[in-house]
Structures are given as C-alpha cells and as structure tokens.
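Have the model open as you read.

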Amino acid sequence: MAHQQCHSPATAAEVLEAVAGALAGRRGLEIRGGGSKRPLRMPVESAALLDLSAIAGITDYDPDELVLTARAATPLLEIEAALAERQQMLAFEPFDHGPLFGAAAGRTTLGGVIAANVSGSRRLSIGAARDHILGFSAVSGRGEALKGGGAVVKNVTGFDLPKLMAGSWGTLAVLTSITMRVLPRPRAETTLVFRGLSDQAAIRLMGAALALPAAVSAAAHLPYSRATAASCATTALRLEGFGPSVDTRCRELLRALAPMGAGEAVAAEESGAIWRSMRTLDALPREGHLLWRISVPPALGWRVGEVLASLDAHIAYDWAGGLVWAAIPEAAPRDGGARADGAQADGAQAAGAGIRDIARALGGHAVLVRAPPALRASLLPAAAQADAGGDQGLKALHQRLKAAFDPHGILNPGVDLAGEL
Amino acid sequence: MNRRIDGFTRAAQRMSVKMPVLDARTLASRARIAAAMRDIVPGEGVIDQPEELAPYESDALTAYAQRPLLVVLPENTAQIAAILRWCNEQGVRVVPRGAGTSLSGGALPAEDGIVLGLSRLRRILEIDYDNRIAVVQPGVTNLAVSQAVAARGFYYAPDPSSQIACTIGGNVAENSGGVHCLKYGMTAHNVLGLKMVLMSGEVVELGGKALDAPGYDLLGLAVGSEGLLGVVSEATLRLLVKPQAAQAVLLGFAEVESAARCVAEVIAHGIIPAGMEMMDRPAIHAAEDFLSVGYPREVDALLIVEVDGPQQECRHLMTMVTEIAVRNGAATVRVSQSEDERLRFWAGRKAAFPAIGRISPDYYCIDGTIPRRCLPEMLRRMSGMAVHHGLRVANVFHAGDGNLHPLILYDANVPGELDRAEAFAADILRTCVAMGGVLTGEHGVGVEKRDLMGEMFTDVDLAHQERVKWVFDPAMLLNPGKVFPNLHRCAELGRMHVHQGRLPFPDIPRF
C-alpha cells in the first residue's frame, strides 16, 4: 500500500485544491475516510492518497429538526454518541466493516457509510442510508465544489444527487460534508426468538410477521452453525417503540405466529445484543473464509442458502431473507488436501461466478466482501465476462455518469461499479 | 410567449414563462409525425384534432398552457420505446404526462413536441405478498394500488392529496409526498424498482424486488427527476401493512409560537406522528366558514395531530401529545372519539384550498420548505409582505416536516394583482431559501420554480445536475423547458392559478 504521494487536507478548500491538482496532473486519487472498507473495493495502488481524516466534526445538529450535518470523515461513533445523548439515531443502523476484515472497530466514518450505502438490520423497515441522506457538499472529479440536496427533511428541488452519492464509492465526487435525517430512538425494544426452524420455514415466518400490523423493525435468521456451536437455528423478530405498544404487539405477534412456531420474547438487553451481533456477523467464521453479501427478494433468500450448502457455506439471513451473508471456506469445498494456488484460484473463480449467477437468477446480486488479496483478483468478475454480461444499457449509463462527474477518471481509479452490473 | 391559441385563450394569455425556441422544422412536419406515430400506435392512440388536444394544454398549473403538436397514448412498453426512438432520431421533443395533476407545470406541453400520455397503461401487473410489493404500470392511480391490496390488509403509503386521480408514473416523476410522509416517507422511499424507457428507446431496469441493487443509485436519480431522464413504464412498489387504528386531535393555540413549540416538543419526546398539520387564522376561518367542522375561530394556530398503530399505542401517544399541548398553552384540545370524527377533523384541512377559493376570485398555492423552528418568523415576515404587496395570504402547513403551502389571495381581473401575487410568491420562496430551506417540498420545480433555481444552487451545482440530464437524454428532447433555468433568465413566476374558484380538478382534495 505504498502511495507515491499523500494529501491530508484540513478544510474543504484544501480538498478542492488537492483534487484540482490531481486533475491538472491527470493523477489518480485514492479517497479515504477511515479506511475500514478499503479491502472491499481497492483502488489501484498507483493513485496518490487523499486522506480525509482531518475533514471531521459535527457542524450542526438540531434535534428538533431531526437534522444533523457533519464533515465527511467524522467517525460514526462520534455521531452516534451525539445522537444518543438526545435519544436519537441514524435509523438505518449503519455498521462498522472493520471487524469483518479483522481490523479494529471504530474507524468507520459517516462519509464511508454514505459512499458505500451501508445499512443494517433496520433497513428492512425504515430504509437504507440512501433514504436518510438529505444533502451534501463535495468536490467532483472536475475539480469543482458542488452541493446537492438541502438541510430540511422534505425537499424535491432538482435531481436527487444525494442519493447518487450514496453507494458511489467515491468515484464521482469527494464528499466533504453530509447532512442526514435523524430519528428518535425507540424508547423500548424486545425481540421474539424462534428456535429450530429450517431456513425456508424461518423465511416464511418472517414474511408472515411482516404481513401483520406489528411493525416488525428487523427480522433475521441464523441457521444452525458448527462454527459457532450455536445450539440450534435462531430466528429473531425485533419490535421497537413505546413500551405499551411494544408489549401489545409482542403479545399479538406471538399469538398470531403460534401455528408456525413457538417464540419467546427476550428482554431489551438481550434484544440489543442479538442485533449488535448482526452488525459484526459474530455467527459467521472469519478465519479462512471468504465473505459474500447477496441481496435477493426476501422470500427467495432460503434458495441462496440451499445452493451455497454445497460450498460448505455458513449463512446469516437479515432483512427477512433479503440479505444473505455467506462465509465460504477459502479452500475449494470437499477438498481436504493442499492444492496449488492456481488450482485454488480456479475453483474459487468458478464458485464466485456461480454465486453471482445464482443471485442474478433470483433477481438480485452478489458482492464479494472479504477475500485474501491473492485470491481476490481471481474472484472478481473477469473483464471479458463483465463486458459481455449484465445490462448493456445500464452499463452505458454508468460509464456516462462517471464521465460526467469525473471525466478523467481521477477519483478512486480501479473501482469500477459498471463492471459489477 | 403570450400567444393566442384558438379556443383556449384564457390561460394562454397569461402565460409568461419562456420556453425553448420552437423548432420550425418540427412544426412544419406535423402531419408526417402524426403518420409515424399512427404506425406505432394504431387506432385511437394518436390525437391531433385541436378540440381533442384541449385537455392536454396544461396540467393543474393552469396559468401555463399551450397546445401540444400531438398527443400519443401508447399501450405498452414497446410502443413507448418505439415512439421515443423515433422522436430521438427525428429530433422531436416529448413531454410525458400521467393524470396531469402537477402543480408546478411539470406536464406543460411543448408546442413543437408530442405529449406522451401514459393513461392507457393502467394495469396492476403483479402483487407479490410474499415480498410485499406490487408491480404496476405508470397510469395506475395512486389510490388504486392501495385499493387492490386492501383486502389483505396492505396499502401503498405515499398519499398525495390528489391520490384519487394522480398516477404512479407522475408520483415517481415528482417524488410525491402526502400528509403521512413524515412517518412513512415520500415516493422515493417506497419504490424499489422501475422499468424506464430512455429517450433513445432503450429500456433499462433500475432496482427490482431486492432491497438494493448494484452500481450507482439510478433508481434514486430517476425518482423525482420530473420526467427529464426517462419514461417510467413499470414501477415496483413497496407495500405496507395498514395500521390497526388511527386517532387525531385538534389543538388550538392563541399564538403561532406556542403551536410551533408544541410541534418541536412532540418530536423531542420521540414521537413521529402519522400526520401533523398546522393552519393559521385566515385558513381556519376560511375552512370553518366553508364546512363548519368545528374548528376554534378564536385561535391563531390550529394543529391536527394524527397517531396510528395498535389501539394501545394510539391511546398512549395521544395522552403524551395532549399533555405536551396543554403544557404549551393549548386553548383547545379535542381528541377524535370515532373514525367519523377523525375524518371530520381532516375534512376542514383537506378543503382548505376550495375554502380559500370561495373567499377570493383567484389564489396561488406556494410550496416551499423551511426549518420548522423558523415558522413563527416566516409567518411574521409573510404578514409584512402581505402589507407590502397589498394582498392577503392564508397558510396551511405540513408542520412535521416544515413544508409550507401559503395561499395568496388575488383577483386576476384587477390590473396588476397577478403581478403583485407573483412577486409576493417569489419573496416567500426566496425567504424559504434564505432561512435554510428549499424551493419545493413536494410539488416539484417544473416550469413554475425553474427560474428560481439560482436562489438555491450555484451555476456549478446546476451544471452537475444538467450533466445528469445529458447522460440520460443527450439531445435534451425529453420534457424540455422544465427544472433548469433557460439561458435567458426570466423572473416571471407562476403558481397554481385558480381562476374564479375553479380548480383544474374541482372534485379532488388539495392539501
């Protein structure tokens, strides 16, 4: 990770200067906030580093207006602490990727959360990061400072560039400031836990719960796993809100779901622990395992699990089945012996292509989150394959958008979202 | 432009917005274009007779009107694609249109362009209860989606006030909100996927049934793009379970400040009401004179707060809300005791526009958002502006999210009043931006606020947005003259003009 050059701007004006300089010299810039997600989509190493860590701090927080503005590299922890003080939250439950890569927790920044559209378990009920960003300031790849959106919760003025920034991985513009919609923290919570369900039965149960007026805020299923020695499969439904409401909904939901399984309500503390562990994927093995993230229509999630069983995958389902986390042994399945690196890569590549195909066939997509660097390249969609596959019209739109915001490709070169379609 | 259009002169005479320079070649080729369109859409799908074009000359912002070259009414995605491909090749402008209920002139035709009406694409293609979604064509009305899934206890959350008429295609284009969007989100938060036809005729699928999609958030860009990026031919909508119960309370306050404090405190207590509306004294009196729903006349501000969920939750939240209101000096506290009473509370608010229409020959409806805390100051400044411009104003307000709808009362038959009303409106919107708010909370920019975009965005900001337009529609043929100011800046503004109390859609609620 040797960068030839490193910029560490302290102000938005210095970010502008750095980008303008890179543009003039046609040099690539790797945009980095906390760096917690760097292993997920790695820019080419020839790029100079644009380290935003000094572009930090909450600049405006107005709890009454449900609006918070912070500089892009403000640590998520700092924002969450400020919100907690006023009993508020980022409702989409962003999480820290650091631990997933075996790194320390706490480096994740707001800018990183937005750039990667990181949304946790509550995404099921209350939307993703992209649904909660209201406005931003940034420097585009044209070396120009721009802003988009606004600082109020209801705004339809002009194109929704804030949503475009969400999930753009720093390839269109360098975010310098972000305004978020925040929401009150639920005053009470409980989780209904059902044990011993098959993946398919669990997904049916979660679907049934979401078809009832119980306002389930999150629904997850952890199958039986040898790796973590969980005693048996666990299906969890979270209820949040004001105490009397949570109590009522809890009773009614348990009653309504009784024919599908006997559940029990756990206390707030245990409920909190269950959902915290979903953020760090404690149920999945890390060492020696690739991590895939597969997004499909929720009712079809179990079919991903069924197919991946042949790869010895360990699975965690979130979003009522719509999000499948799969930890898959780095070594090809059912192959006890050591193999040459090349053979391992071939097997992994076939498996990788297979996982992408399954996701696509079910109406979703798959992203490789964690892989050893040596294996990673072979697991990414091959260029030829990427060029031929997917929706050509969509790919062309992506390439033109990239060119519109970053005509010389100086922002995060090597990160190619069009190639993942 | 101010040109006279045979048969439909009233609104056209008032039209002052500058539109792109007409393409003489297209105007001269009308018959040839009509023939080409008939090849694509056989039968009754092409309208070219002047009297039949009349209903398409404006949307609900009737101040702006002009006759389109032709109206084409395709029946399926393939026809939409063929129409757009042909128009793109021939350089013909296209204005997409749903039900035509836009309040910002989003569907104002181009004289040298065709109107692409989506009203015949009105099938609900799929209801997938397992994934809690509905796939619908763009001409399906907003309310029809909720009705189709009501028997299973579901509904589609965004509820713009025109929901009995407005269509999903139009909702997507405008990112429509509604009274309940504080809690349940705008259209953008409730659409998971779109099939969209580009001006080139290419069909792209954005998002789908999964909760996220790879690549850039083109879905997010498309929603609220006011018909400038593509034509929606299918939408995948998120369905929610209907809350078990809903309850509303009327809260009257002697001062606007106390009402504003009450709103802030409700939110500070962790309550996001299903709806939270405010009316000022002129609006209260107009509504009460019109419908006699029992609003208190002696207060300066009236709040309607609605909570929903299980009975126990409604009861609990209602107790909290009324306690907060009393603490903030509410003079009136009336909790709805029945579904009938709850609907009556809303009736006055929903009838605010026609109620104003009764006491003034014409009015403008403005749509801007401010930080909520600025409300008392905004109303004070508006009183000053009213004196300055010599016109009255009444206010209805989505109090929960700071979305203002001032209604400026004027008489178009009194020389100069229309101009004064437009100047008043521009003052209000500029003040919204100066207070940290925005030009439009839910009605869209359209042609109406196009020339004020510079108040909120720099040229660089706008240039980045315009390049997005170029990405999707390089020839700039789709919905020309909307959202982005022309090279010639024109400070002329228009609002939802209502002449002699006649609303463009007199039978649908407006709020």
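## A helix pair in chain A

Helix H7 (residues 199–210) of chain A packs against helix H10 (residues 301–308) of chain A at an angle of about 165°, and their axes are 9 Å apart. Axes here are lines fitted to C-alpha atoms, for helices over the stretch in contact, with angles running from 0 to 180 degrees between N-to-C directions. Helices (H or I, at least four residues) and strands (E, at least two) are DSSP runs, numbered from the N terminus. H7(A) and H10(A) are therefore roughly antiparallel; angles under 35 degrees count as roughly parallel, over 145 as roughly antiparallel, 65 to 115 as roughly perpendicular and the rest as oblique. H7(A) passes H10(A) in a right-handed crossing, which is to say that the near helix is turned clockwise from the far one by less than a right angle, anticlockwise being left-handed.

Asp199(A), Gln200(A) and Ile203(A) of H7(A) meet Gly301(A), Trp302(A) and Gly305(A) of H10(A). A contact needs C-beta atoms, placed from the backbone, within 7 Å. By class there are 2 nonpolar, 3 polar and 1 charged residues in this contact. Ala, Val, Leu, Ile, Met, Phe, Trp, Tyr, Cys and Pro count as nonpolar, Asp, Glu, Lys and Arg as charged, and the others, Gly among them, as polar.

## About the model

This is a predicted model, in which local features need pLDDT of at least 70 and side-chain atom pairs count only at pLDDT 80 or more, while totals for chains, interfaces and linings use all residues. Residues are numbered from 1 along each chain as its sequence is written, with chains lettered from A and ligands numbered from 1 in the order in which they are written.

## Where the chains meet

The contact between the chains takes 72 residues from chain A and 73 residues from chain B. On the chain B side, the elements giving two or more residues include strand E9 (203–207), helix H10 (256–268) and helix H18 (459–472). H18(B) gives the most to that side, with 8 residues. By class, the chain B side has 31 nonpolar, 26 polar and 16 charged residues.

What does H18(B) pack against? Its axis comes within 9 Å of that of helix H14 (residues 392–405) of chain A, and the two cross at roughly 155°. H14(A) and H18(B) are therefore roughly antiparallel, and their crossing is right-handed. Leu397(A), Arg400(A), Leu401(A), Ala404(A) and Phe405(A) of H14(A) touch residues of H18(B), including His464(B) and Trp470(B).

Most residues other than glycine have a negative phi. Asn117(A), though not a glycine, has a positive phi of about 50°, and Asn479(B) has a positive phi near 50°. Asn117(A) is in the loop between helix H3 (110–115) and helix H4 (123–126) of chain A, whereas Asn479(B) lies in the loop between H18 and strand E20 (498–499) of chain B.

Buried or exposed? Asn117(A) is buried, with 23 other C-beta atoms within 10 Å (20 or more means buried, 12 or fewer exposed, and in between partly exposed, with C-beta atoms placed from the backbone). Asn479(B) counts as buried with 30 C-beta neighbours inside 10 Å. Asp318(A), in strand E16 (residues 314–318) of chain A, is buried with 30 C-beta neighbours inside 10 Å.

Key: Two residues are in contact if their C-beta atoms, placed from the backbone, lie within 7 Å.
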